[in-house]
Amino acid sequence: MPPVFAHGALRLYLLALLEDGAKHGYDLIKALSDRFNGTYSPSAGTIYPRLAKLEEEGLVSTHVDGRRTSYSLTDAGRRELESRREELSGVENDISASVRRLADTLREDIGSNMRSLREELASTTRQARAEAAHHGYVKPGTSASQARATALSQAAEQLITGFRSELLMLVRLRKAHGELNETELDALRTILDRARAEAKELFRS
């Protein structure tokens, strides 16, 4: 994946985020994540070294309150920001383009995973059909075709149950990391709607 920010752009954007008042490092990380609609969230290892560098350059000052440190623009920091307003506008445009690109990549990743799941389901279905045909699943008073239909129905229900369980696990893992966002939910809804329509078409034939 190409870098989200061009060289020096994150440094400038951090100054812009501090323009409205002092913020903690976590507040800045959250503000960036919100700006990217959750498709990108910088790590602490990305943000804090840059804040330390801005402090060394006299553009940012710090205030320690207990175990937390807040960051504020200095007069030099405000002058730096003011002198680079035009460049900041370009950074905003780049961020908007990055949000679209990251959302597209996310959709492709989810789509690829869904295709793999569908292929796995199809493979399991073929295997279940072969096993049903091989063993017959014939009970007294039940025709071979009825027995096979019952076995295939059970296999289909198991596939749906397994599919649902796997998706729920993925969603809950995403939630546990605090990474589930509206873009992912929208992409998942689109993919499931498509899968539902394909399944309806399959069983109408």
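User: Hello! Which residues form one aromatic cluster in this chain?

Analyst: The cluster consists of Phe5, Tyr13, Phe36 and Tyr40. The model is predicted: local features need pLDDT of at least 70, side-chain atom pairs count only at pLDDT 80 or more, and totals for chains, interfaces and linings use all residues.

User: Why is the pair of Phe5 and Tyr13 called tilted?

Analyst: Rings of Phe, Tyr and Trp (its six-membered ring) pair if their centres lie within 6.5 Å; planes under 30 degrees apart are stacked, over 60 edge-to-face, and the rest tilted. Four aromatic pairs pass this rule. For Phe5 and Tyr13 the centres are 6.3 Å apart and the planes stand at 40°, so the pair is tilted. Phe36 and Tyr40 make an edge-to-face pair, with 5.1 Å from centre to centre and 65° between the planes.

User: How do you know that Phe5 and Tyr13 are buried?

Analyst: Buried means under 20% relative accessible area, exposed over 50%, and partly exposed in between (1.4 Å probe, protein chains only). Phe5 has 14%, so Phe5 is buried. Tyr13 has 5%, so Tyr13 is buried too. Phe36 and Tyr40 are both buried as well. Across the chain, buried residues make up 29% of the 205 residues.

User: What does Val4 touch?

Analyst: Leaving aside residues up to four places away in sequence, Val4 touches Phe36, Tyr40 and Ser98; contact means heavy atoms within 4.5 Å. Val4 sits in the segment before α1 (9-17). At 13% relative accessibility, Val4 counts as buried. Val4 and Ala97 are 93 residues apart in sequence, with 9.7 Å between their C-alpha atoms.

User: How many helices and strands does the chain have?

Analyst: There are seven helices and three strands. These are DSSP runs numbered from the N terminus: helices (H or I) have at least four residues, strands (E) at least two. Along the sequence they follow the pattern α-β-α-α-β-β-α-α-α-α.

User: In what order do the three strands form a sheet?

Analyst: The open sheet has the order β1-β3-β2, with antiparallel pairing. β1 (23-24) and β2 (60-65) are at the edges with a single partner strand each, so one side of each has no neighbour in the sheet. Two strands pair if DSSP finds at least two bridges between them. β1 and β3 have two bridges, so they meet that rule. Six bridges join β2 to β3 (residues 68-73). β2 and β3 form a hairpin with two residues between them, and Gly66 in the turn has a positive phi of about 65°.

User: Which residue in β3 stands opposite His24?

Analyst: That is Ser70. At 12% relative accessibility, Ser70 counts as buried. Not counting residues up to four places away in sequence, Ser70 touches Ala22, Lys23, His24, Ser61, Thr62 and His63.

User: What makes Glu57 and Arg11 a salt bridge?

Analyst: The term asks for a side-chain nitrogen of Lys or Arg within 4 Å of a carboxyl oxygen of Asp or Glu. The side chains of Glu57 and Arg11 come to 2.6 Å, N to O, so this pair qualifies. The pair links distant parts of the chain, 46 residues apart: Glu57 is in the loop between α3 (44-56) and β2, and Arg11 is in helix α1.

User: Why does the pair of Glu19 and Arg85 tie together parts that are 66 residues apart in sequence?

Analyst: The closest N and O atoms of Glu19 and Arg85 are 2.4 Å apart in a salt bridge. Glu19 lies in the loop between α1 and β1 while Arg85 lies in helix α5 (residues 85-135), so the pair ties those parts together. Glu19 at 29% counts as partly exposed, and so does Arg85 at 30%. The whole structure holds eight salt bridges.

Notes
Residues are numbered from 1 along each chain as its sequence is written. Side-chain values use heavy atoms; hydrogens and water are left out.
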